[in-house]
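Dear colleague,

Please find below the structure that I am handing over to you. My notes on it follow directly after.

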Amino acid sequence: PPPAPHTCQGLAPCLSEEGQVNTSGPRFLLATLHPASSSSAAMDRIVSALLLSLLLLLQSYGVCGAPPQPRGTLCRTKPTDLVFIIDSSRSVRPHEFEKIKVFMSQVIEGLDVGPNSTRVGVINYASAVKNEFSLKTYQTKAGLLQAVRRIEPLSTGTMTGLAIQFAISRAFSDSEGARVRSPNFNKVAIVVTDGRPQDGVQDVSARARAAGIEIFAIGVGRVDMHTLRQIASQPLDDHVDYVESYSVIEKLTHKFQEAFCVVSDLCATGDHDCEHICISIPGAYKCACKEGFTLNSDGKTCSACSGGSGSALDLVFLIDGSKSVRPENFELVKKFINQIVDSLEVSEKQAQVGLVQYSSSVRQEFPLGQFKNKKDIKAAVKKMAYMEKGTMTGQALKYLIDSSFSIINGARPGVPKVGIVFTDGRSQDYITDAAKKAKDLGFRMFAVGVGNAVEDELREIASEPVAEHYFYTADFRTISKIGKKLQMKICIEEDPCECKSIVKFQTKVEDLINSLQQ
C-alpha cells in the first residue's frame with residue numbers, strides 16, 4: 001500500500017502507527033554557487049563540513065536503529081544584551097581590524113541569537129563614536145555576521161571613555177533594544193583596545209558597572225594595563241584579558257563562549273564514555289549512536305547494521321561562474337565537486353550526477369546520466385571552462401527546474417532530486433518565482449551563504465522550515481559549524497536497519513575529512 005500521509009518536519013524520519021518508516025518521496029534540487037575566498041584551507045573546511053552531513057543525506061536514504069537522537073549541546077547561552085565596544089584608532093592597522101571582526105564573528109557564532117535570547121550591538125570608536133548597529137537592529141545570527149563584516153575602521157584618536165558613556169546612555173537604552181534590567185537577562189560589554197585612552201575611563205566605567213553592565217576588557221599589544229583594570233568588572237582575573245597582538249585575539253573566543261554558557265553538561269566536558277554520541281540530561285548523560293549503528297546492551301558502545309544497499313539519487317550541481325569568483329577559486333570549486341563525486345556510489349541504479357554552470361547565461365556542462373562512473377565525471381568537471389561574467393541566479397534556477405531535472409536530460413521518475421545553493425553574493429536577476437516553483441515541485445533546497453551573500457535571498461531559496469535549510473557565516477574559518485547543523489535524515493520505505501552502504505560511506509567521508517584537516 002502507499003505510505004501513509006504524515007506531517008514530519010523537514011527531513012526528520014516519520015514513523016507510522018506500526019513503527020515503520022514512511023516517506024512521501026521528496027525530491028531535491030542541488031545548486032552550488034561560488035565562494036569568493038582565495039583561501040584553499042578555508043575552502044577545505046567549508047566543503048568537508050558540508051560533505052560529512054550532506055553526503056550522508058545524498059548517498060543513502062537509509063537510516064538505522066533507533067529514531068534519531070539529539071546531540072548533547074555544549075551549552076545554552078543565557079539571554080544577554082551584548083555590546084562590543086571596539087577601538088579602531090590610528091594604531092589599529094586595517095589587517096588588524098579585520099582580526100577584531102573575526103573575533104566578534106566567532107563569539108557571535110557561539111550565541112543563541114534572537115529577540116527573546118541574545119541581542120548584539122556594536123560600538124566603533126576612535127576620536128568619535130559610531131553606533132554600527134544597535135541591540136534591536138538584527139534578530140538573526142546571519143544578519144549580525146553580515147553586519148560585522150561591513151564594519152570599517154575610523155582611524156583617528158582613542159576616546160575610550162566617550163565610547164563607554166555612549167554605551168550607558170544610548171546602546172543599553174530601551175529605545176535601542178535593551179531589555180529592562182532583570183535577573184533573567186545579562187547586560188554585557190566587551191571592550192577591545194590597543195592603546196592608552198585620550199580621556200578618562202575610571203568614573204564612566206564605574207557608572208556602567210553600577211547600572212548593571214558587566215564589562216570585559218581586552219587589551220592588545222602596548223595597551224595600558226592599568227586602564228584595563230579601571231574598565232573591567234570584578235573579579236579582574238575573569239574580566240581582564242591581554243594578547244600580544246591582534247593575530248592571536250581569536251584564542252579568546254572559547255573563553256567568551258564559556259562566559260556566556262549557563263548550562264554546561266558532562267558531554268561538553270568529555271566526562272563520559274559514549275562511543276559515538278553523548279546526550280546531556282540534568283546531572284547526567286545518556287549515549288546514542290550515529291546513523292547506521294545501533295546501541296549495544298551496555299548502553300555505551302555501538303554496532304554497525306548489515307545488509308541493504310545504497311538508494312538512487314539524481315544530483316545536479318549549479319556552479320556560479322561569475323567574474324567575482326576568480327580563476328583560482330573556480331579551480332577550487334571544481335576540486336570540491338570531485339571530492340563529493342568521490343564519495344558517491346555512481347551507477348545507473350544509484351547516484352547520477354549532472355553539472356550546470358551559469359554567469360550571465362546558463363550552460364549545461366553535462367546532463368544526468370551522461371557519465372556512468374566517477375572517473376568520467378571527474379574528468380569532465382576538470383575540463384569545465386570558466387565563464388567569468390555576471391550572476392543570473394534566477395535564470396539558472398529556472399533552467400534547473402525546466403531542463404536539468406527533466407526526463408530528456410536523464411532524470412529518473414520517482415528518484416530523489418537533491419540540492420544546495422552556495423553563494424557569496426547578490427543575484428543580478430529575480431529569483432522569487434524560480435525558487436518558489438522549485439519548492440512547489442517538491443525539490444528540497446538548501447541555501448548556504450558566505451561573505452556578501454544576501455540573507456533574504458538565502459531564505460527565499462531555502463525549503464521549509466527555513467531555519468533548517470539556510471545557513472550563513474561571515475568567515476570561512478567558522479563555516480565548519482554549519483556542518484553540525486546539517487544533521488538531517490530522510491524517511492525511507494525499506495527496512496530502517498538495511499544500511500550497509502551508509503556505514504561504508506560514513507567511513508569514506510570521515511577519512512576524507514581527516515585528510516583535509518591534515
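A polar contact is a pair of N or O atoms within 3.5 Å; within protein, one must be able to donate a hydrogen and the other to accept it, and residues adjacent in sequence count only if both atoms are side-chain atoms. Helices (H or I, at least four residues) and strands (E, at least two) are DSSP runs, numbered from the N terminus.

This is a predicted model, in which local features need pLDDT of at least 70 and side-chain atom pairs count only at pLDDT 80 or more, while totals for chains, interfaces and linings use all residues. Residues are numbered from 1 along each chain as its sequence is written, and side-chain values use heavy atoms, with hydrogens and water left out.

I begin with helix 11. At its start, a side-chain oxygen of Asn-373 comes to within 3.2 Å of the backbone nitrogen of Lys-375. Helix 11 spans residues 374-383, and its buried residues are Ile-377, Ala-380 and Val-381 (buried means under 20% relative accessible area, exposed over 50%, partly exposed in between, with a 1.4 Å probe and protein chains only). Viewed down the helix axis, these residues fall within an arc of 100°, so they line one face of helix 11; the arc is that of the directions from the helix axis to the C-beta atoms. Lys-375, Lys-382 and Lys-383 are exposed on the other side of helix 11.

Helix 3 (residues 141-149) is mostly covered, with eight of its nine residues buried. Among them are Lys-141 and Gln-146.

Next, the strands. Strand 5 (residues 119-125) pairs with strand 6 (residues 129-133) in the antiparallel sense over four bridges, where pairing requires that DSSP finds at least two bridges between two strands. A hairpin of three residues joins strand 5 to strand 6, and Val-122 stands opposite Phe-133 in strand 6.

Finally, the salt bridges (a side-chain nitrogen of Lys or Arg within 4 Å of a carboxyl oxygen of Asp or Glu). The count by this rule is 16. One of them joins the side chains of Asp-81 and Lys-187 at 3.5 Å, N to O. This pair links distant parts of the chain, Asp-81 lying in strand 4 (residues 80-87) and Lys-187 in strand 7 (residues 186-193), 106 residues apart. Asp-81 counts as buried because its relative accessibility is 0%, and Lys-187 counts as buried at 11%. Asp-81, Arg-179 and Lys-187 are linked in a network of salt bridges.
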